[in-house]
Every structure is written in structure tokens, then in C-alpha cells.
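Thanks for asking me to look this over with you. Here are my notes, written for someone meeting the structure for the first time.

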Amino acid sequence: MHRRRLLLFILPVVILGLVIAHGIGGQSENPVAQVWLPIDQSGIRMVPNIDQGPHHTAHAAILYERSTNTVLFGHNIHQRRAPASLTKIMTAIVAVENGVLNDIVTVSANAAATRGSSANLYSGQQIRLIDLLYGLLLNSGNDAAVAIAEHIAGSVEAFAEMMNERAREMGLQNTQFRNPHGLDEPGHYSTAFDLALLTDAAMNYPQIAEIIATKEYQWNETLYWRNTNRLLWQMQGAEGVKTGTTGQAGNCLIAAVSDDGMQLVSVVLGSSDRWADSERILNYGFSQFHRLTLVEKGEVVAEVPLPTGMGPLIAVARSPLAVVVPSDEPLDTEFRTVLDNVRPPVRRGEKVGHLEVTFKSGDSGFTLPLIAGHDIARRTPARVLWEWLSNLWA
């Protein structure tokens, strides 16, 4: 009887362990890359006079610093324009968030026959989703875009709805998609501003960041893809991102370069020379601005006694605070600490207030959350006695 009860207890545990082990093993062999990342536009800052910048030929352009969410330069940044193959950045995001990268995709005749730039896929071809993403982002394959859309959503139309839903979730107010590849179509548009934010979100995904920075990719003996973004060869610190060209859009380019502690993303739409324009805009950012850390993560901002607590409240910065400022202008800031009505007990990491940073120049400021640096117990007679005895014993 005891053995039977023990078996009834152990068997479910063993089965559960096998299920968990199988799930973990399956995930390592066929990993799901879904990581939902929203975009918080409330923290985006624009330097004064963003329209005063380098000469360029683009109909719309922007220069965005990722680590501080700062717009350093802009021209017609909210003008709706055809985005061409820059569309494929959203295609990649939706694929990574909803697909399994090691899944085998069967290329349909519809996908293989897609006009325009091609990854040279053929009908009936079987290829992993991760490899299709390389064909999508390096060779700008329209056939790869349709194959991905049909695999994830069943049709191009259904996938476009997923793209638009994601755009709404991100707060991209001037973006709408009709297809996953970016061929000109009525109602298919975006802006330099939206595309900069979209690129920032995409680069937070390790899979996408790795692909867009790849210069060449050999899938098999016959399929070889070379990145269409020549800035990967021309600029030190280049990290991607994507080219795009159609009749309506003209020549477009999103480029990302990191150097001197800054992570710059430039977008040029409808450019007569997208390479020279992008280099000029990026070099303008590196030469005219620099990144300055105002508060380090974990830095003590305030220390306040708590009458009902067993020790003072030590408020520390939850995250670092950095700004990008013009290199030729002094930074004049004011700091103001605002603490909540904190009552013990307090747990380490609990939000206890915020730090307000303002610029005397009139530029938009920042609000930095503050957290408790350590636990604080409530002061009670018994705890006071225990502390006294502990100190006496020590």
C-alpha cells in the first residue's frame, strides 16, 4: 500500500519533468524568438533647431541617437512617403515575434514569382525561416518577404494586417502597410520619423541586429546573398540597416553606425545620392554632438531619515541618465529630487520617487525614476530591542 501511494506521488512528478525537459530541448533545437517590444515615444527628445544641419538631397531625412532617444537633425520627418524595401524591417519584426526561426518554410509559386528584387527562391523550395530573413534583409528579396508572410499569416493580406496592428501598438501614427516587401501600392506609406523608431525597435532583437550587420551569407552551394548596404564596407562602426528603391520612393537608405559612445540611425527618403547623404548626416552627428552621462545607474541621489524606519532611505537611480548635447555649447542643468510618501517596510528596488533634470537653455528635460538602495524594516519596540542587543553582542 505504501509503495502504491509513493508511486502515485512520484509518477506525476516524473511525467512533469519529462514534459518540461522535452519542452526545453525542443526550444533549443527550434527556438521561438518572440519578444514583444513596445516603443515609448514619451521619452523622445529633440535638440533645438533640428532642421539646421548638413546639406543633403533627400526629400525627407532624420538623424536619431538610440541610447538617449534624441533626434539630432530632421527634414520633413513626418511627411508620408513610399518606404520601398525599408518596409522589410517591419516584416522581419513580425516574423521574429510570431515565428519559430528553425521552422521549415515551403516557398509557394506565388512567392517565387514575386517581381522586383529577389533572393532567387524557387517554387517548392524548403528553407528555414531564419535563412529567409537573411534573404529578406541582405538581398532585399521580395520573394522571401512573400514566403515569410504566407508562412506566418497564411496570406500577404493577413500578414499586412499583422504589420499594421504592430505599427499601431508601437505608436507609429503615420505608417500603413499593404504588403511585406514595399513595392509601390496605394495606402502603403511611412515617414522618416516612424522608420527611425521602427529601426530602433528592430535592433533590440539580437537576431535582426546580427542579420542587418552581416555583409555576406552563403545558404548553400547555389544561394549566396550580399548585403545591398554598401556603408557596411565604407564606414567604421556601421551596423546596418536597409536599402530601398521604387519609382515612387526613389532611393532610400536607413543606416546605423556606433562610435564615441553614440548609436546613430540615419534615414534618407527620396535621395539623389543616398550614400553621400547618409555619410554626411552621420558624420555631422559625430562631429557636432557628444554623449554625456549625468547620472550613473545605482548612483545615490538622496539619503533621507525615516522616523518609522530602521535606518535612512537611500534613493538611487534605477537606470543611467545620459544626454546628447552640442559639442560647442556648455551644458547648464538643474536637478530636483522628488520623493514619494515612503513608509517602511521598504524593499530594495521599490520605486521611491524621481529625479527631475531641466536645462537652463529651455531644452526639454528628463525625469529619472529613483528606487530604494536597500531594505528598510519598520521600527517597532521589539526590533529596536533586537538591534540594541545585536550591537551589544557585537
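1. Let's begin with Arg226, which has a relative accessible area of 39% and is therefore partly exposed, since that class runs between 20% and 50%. Please keep in mind throughout that this is a predicted model. Arg226 joins Glu216 in a salt bridge, with 2.9 Å from N to O. Glu216 belongs to strand β6 (residues 216-218) and Arg226 to strand β7 (residues 224-226), ten residues apart. Glu216 is partly exposed as well, at 42% relative accessible area.

2. Tyr217 and Trp225 make a stacked pair, because their planes are at 10 degrees and their ring centres 6.1 Å apart. Are these two residues buried or exposed? Tyr217 is buried, with a relative accessible area of 17%, and Trp225 is also buried, at 0%.

3. How many salt bridges does the structure hold? The count is eight. One of them joins Asp200 and Arg66, whose closest N and O atoms are 2.7 Å apart. Asp200 sits in helix α7 (residues 192-202), while Arg66 sits in the loop between β2 (60-65) and β3, so this bridge ties together parts 134 residues apart in sequence. Asp200 is buried at 13% relative accessible area, and Arg66 is buried at 13% too.

4. Arg336 is part of strand β15 (residues 333-339) and Glu356 part of strand β16 (residues 351-359), so the bridge ties together parts 20 residues apart in sequence. Glu356 is partly exposed, with a relative accessible area of 25%. Elsewhere, salt bridges link Glu97, Arg166 and Glu169 into a network.

5. Now for the aromatic pairs, of which a search of the whole structure finds four. Why is the pair of Phe73 and Tyr284 called edge-to-face? The planes of the two rings stand at 70 degrees, and an angle over 60 counts as edge-to-face; the ring centres are 6.2 Å apart. This pair links distant parts of the chain, with Phe73 in strand β3 (residues 70-75) and Tyr284 in helix α10, 211 residues apart. Both partners are covered by the buried class: Phe73 has 1% relative accessibility and Tyr284 has 16%. Ring pairs also bring in Phe289, giving a cluster of Phe73, Tyr284 and Phe289.

6. Helix α10 itself deserves a moment. The helix covers residues 274-288, 15 residues in total. From the first C-alpha to the last, α10 reaches 21 Å, close to the 21 Å expected at 1.5 Å a residue. Besides Tyr284, the buried residues of α10 include Arg274, Trp275, Asp277, Ser278, Ile281 and Leu282. Gly285 and Phe286 are also among the buried residues of this helix. As background, residues three or four places apart in an α-helix point the same way, because there are 3.6 residues a turn.

7. Finally, turn to the surface. Which residues form a nonpolar patch there? They are Leu385, Trp388, Leu389 and Leu392, with about 440 Å² of accessible area together. Leu385 lies in helix α11 (residues 381-393). With 48% relative accessibility, Leu385 counts as partly exposed.

Note on methods. Residues numbered from 1 in each chain as written. Predicted model: local features only at pLDDT ≥ 70, side-chain atom pairs only at ≥ 80, totals over all residues. Heavy atoms only, no water. Helix = DSSP H or I, 4+ residues; strand = E, 2+ residues; numbered from the N terminus. Expected span 1.5 Å × (residues − 1). Buried < 20%, exposed > 50% of the residue type's maximum accessible area, 1.4 Å probe, protein only. Phe/Tyr/Trp six-rings, centres within 6.5 Å; stacked < 30°, edge-to-face > 60°. Patch = residues over 30% accessible without salt bridge, like charges linked within 9 Å, V, L, I, M, F, W, Y side chains within 5 Å. Areas by Shrake-Rupley, 256 points an atom, 1.4 Å probe, with all protein chains shown as cover. Salt bridge = Lys/Arg side-chain N within 4 Å of Asp/Glu carboxyl O.
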